[in-house]
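Please look over the model below before reading on.

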Amino acid sequence: MATQNPKSKTRNPASRTRRPAPRAYDFVVIGGGSAGFNAARAAAALGLRTAVVDGARTLGGLCILRGCMPSKTLLYAADQLFHARHGDAFGLVIPRARADMRAIHARKKRIIGEFAGYRLRQLKAGQFDLVRKAARFRDSHTLELADGSLLRGKRFLIATGSTVSLPAIPGLARAGAWTSDDVLDLDFIPPSVIVLGGGIVACELSQFLSRIGARVVMIQRSAHVLRDHSPEAAAVVQQAFRDEGIALYAGTRIRGVMHDRSGFAVEFEHAGKTVTRRARHLSPPGGGDPNPAGLLWDAAGVKTTAAGRVIVNRWQQSSQPHIYAAGDVCGPHEIVHLAIAQGELAARHAAGAKGLRPIDDSLLLNVVFTDPQVATLGPSEHALHERGIRTLSAAYPFDDHGRSILMEAKYGYVKIVAEPERGRILGAEIVGKDAGELIHCLSGPLAMGATVGDLLRAPWYHPTLAEIITYPLEEIAAQVKRG
Ligand SMILES: Cc1cc2nc3c(=O)[nH]c(=O)nc-3n(C[C@H](O)[C@H](O)[C@H](O)COP(=O)(O)OP(=O)(O)OC[C@H]3O[C@@H](n4cnc5c(N)ncnc54)[C@H](O)[C@@H]3O)c2cc1C
């Protein structure tokens, strides 16, 4: 027999229509991507009653679903194809290497599905509550969820990521161009694609498309691709792209984008001439806008930049000190390990942890997964000079190194920058085969304040790619001795 709740007998009938009291937490994280998930984990481990609120149909965040992991899965497949097709350089006869895009697409979906499934299990593991609803601030301590319910928090973290946006080019919005999401989800080989822009995502996806067999035209407004990188690094990538058959135009002014039944035409000025290039498909640059636009935070009094990024201090606190932000929504870089570090820092600061250190800009690490890869560590030599910091530097090319010659991996160089007195490492730039792996030979030593002399005391196995790093180290060591 069902037992009746004794309290129900005495309840005022009017109270039945009253909303339940909002749930209350010490730390509420909006967005369960890289920044949000790791922040929630850190906060819960420090004893904060924590909730993650995420409105996505599929959880996992940009990195797993539409960013790092799908793009690198596809790029790796395209790299394998490229090397199979160029087996003749090694005396190999591989007659029919070609991309089966349906199989590549299915493999990508399986791998991403596994990563997303794992993340979902982590989010549901019980360290913190998971609330699957989109949220906006009602006031600076209350969130209103998509179903109208309320959630109160002592402290908050905005970790809502970014959205791919179209650049302001006449005709583009109407023409139905592809975003990076569309390229990452292809299950066929497009005959031809115009890629507008030369940022990291544009470069990675252009090479992928070219290697699976599409005719690719890249049209870039800046003087060179990868405009946040050195002209020397960009020049190597541009040369490799052109050698592979990508038609690359830099320093252009785009006049318009036309679309008809046969595809797209882009008209632009290049080297004093008006040029028109056509292709079946068009992919604009993979620029990200903070997600969602600042108005969701207005009710909480959170200040944003004109572009909508949440403005934060060195502890990731916004203009409202109890509301933090981390990851793409605040920037300044769209890089996963930084999003994680920012999220964890915010959580620890919110929990009152002692001995915290702000994110150290001098350790900035970035990798572009083109072939050759581009990896940078610390500020560039140019940036250091602009700050009035004196440097020593030395570079060594891959085409003069035994291991890279036998691997036919001759594009690029290793450059190391150090301070002149003791030769302490300040930064590095590696352009070449596996640069994204090699740079880690230097990131640990840079974080520990190592000098070129310290690094030269370490063993370097022969013949490895990593061994090339010893040449610029030796040159700087000699300069330190002389000077
Ligand atoms: C094609 C591509 C390739 C990339 N490759 C790399 C790479 O190789 N290496 C690298 O370091 N970085 C790479 N990045 C960048 C990297 O993916 C991002 O910097 C990173 O994933 C951002 O993490 P985040 O936690 O800030 O945001 P996200 O992971 O996007 O998480 C945001 C979450 O917030 C949720 N959300 C949004 N609004 C609301 C709301 N109002 N209420 C509730 N929930 C909300 C979303 O559903 C989402 O789950 C790449 C990006 C792209 C596009």
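Predicted model: local features only at pLDDT ≥ 70, side-chain atom pairs only at ≥ 80, totals over all residues.

1. The parallel sheet. Four strands form an open sheet in the order S10-S9-S8-S14, and their pairing is parallel. At the edges stand strand S10 (247-249) and strand S14 (281-283), each of which pairs on one side only. Direction ignored, neighbouring strands of this sheet are turned against each other by 15 degrees on average.

2. Strands S8 and S9. Within that sheet, strand S8 (residues 192-196) pairs with strand S9 (residues 215-219) in the parallel sense, over five bridges.

3. Which residue forms a salt bridge with Glu204? The partner is Lys72, with the closest N and O atoms 2.8 Å apart. Glu204 belongs to helix H8 (residues 200-212) and Lys72 to helix H4 (residues 68-85), so this pair ties together parts that are 132 residues apart in sequence. Glu204 is buried, at a relative accessible area of 4%, whereas Lys72 is partly exposed, at 24%.

4. A salt bridge inside one helix. Arg110 and Glu114 also meet through their side chains in a salt bridge, at 3.6 Å from N to O. These residues are four apart in helix H5 (residues 101-123), which means that about one helical turn separates Arg110 and Glu114. Arg110 is partly exposed, with a relative accessible area of 46%, and for Glu114 the value is 46%, again partly exposed.

5. Glu381 pairs with Lys415 in a salt bridge whose closest N and O atoms are 2.9 Å apart. Distant parts of the chain are linked here: Glu381 is in helix H12 (residues 381-386) and Lys415 in strand S20 (residues 413-418), 34 residues apart.

6. The antiparallel sheet. A further open sheet has five strands in the order S17-S18-S21-S20-S19, with antiparallel pairing. Strand S17 (365-368) and strand S19 (392-397) are at the edges and have a single partner strand each, so one side of each is left without a neighbour in the sheet. From one strand to the next, the twist averages 5 degrees. Helix H17 (residues 470-482) packs on this sheet and touches S19, S20 and S21, its direction making about 150 degrees with that of S19.

7. Strand S21 and its partners. How many residues of strand S21 (residues 425-432) are buried? Eight of its eight residues are, and the strand is mostly covered. Strand S18 (residues 373-377) runs antiparallel to S21 and is joined to S21 by five bridges. Along this pairing, Val374 stands opposite Val431, and Leu377 has Ala428 as its bridge partner in S21. S20 is also antiparallel to S21, with six bridges between them; here Tyr413 has Val431 of S21 as its bridge partner. S20 and S21 form a hairpin with six residues between them, and Gly423 in the turn has a positive phi of about 80 degrees.

8. Helices H2 and H11. The axes of helix H2 (residues 34-45) and helix H11 (residues 336-350) come within 7 Å and cross at roughly 35 degrees. The crossing of H2 past H11 is right-handed. Residues in the contact include Ala35, Ala39 and Ala42 of H2, and Ala339, Gly343 and Ala347 of H11. By class, the contact residues are eight nonpolar, three polar and one charged.

Key. Residues numbered from 1 in each chain as written. Heavy atoms only, no water. Salt bridge = Lys/Arg side-chain N within 4 Å of Asp/Glu carboxyl O. Helix = DSSP H or I, 4+ residues; strand = E, 2+ residues; numbered from the N terminus. Buried < 20%, exposed > 50% of the residue type's maximum accessible area, 1.4 Å probe, protein only. Pairing = 2+ DSSP bridges. Axes fitted to C-alpha atoms, helices over the stretch in contact; angles between N-to-C directions. Left-handed = near helix turned anticlockwise from the far one by under 90°. Contact = heavy atoms within 4.5 Å. Nonpolar A, V, L, I, M, F, W, Y, C, P; charged D, E, K, R; others polar.
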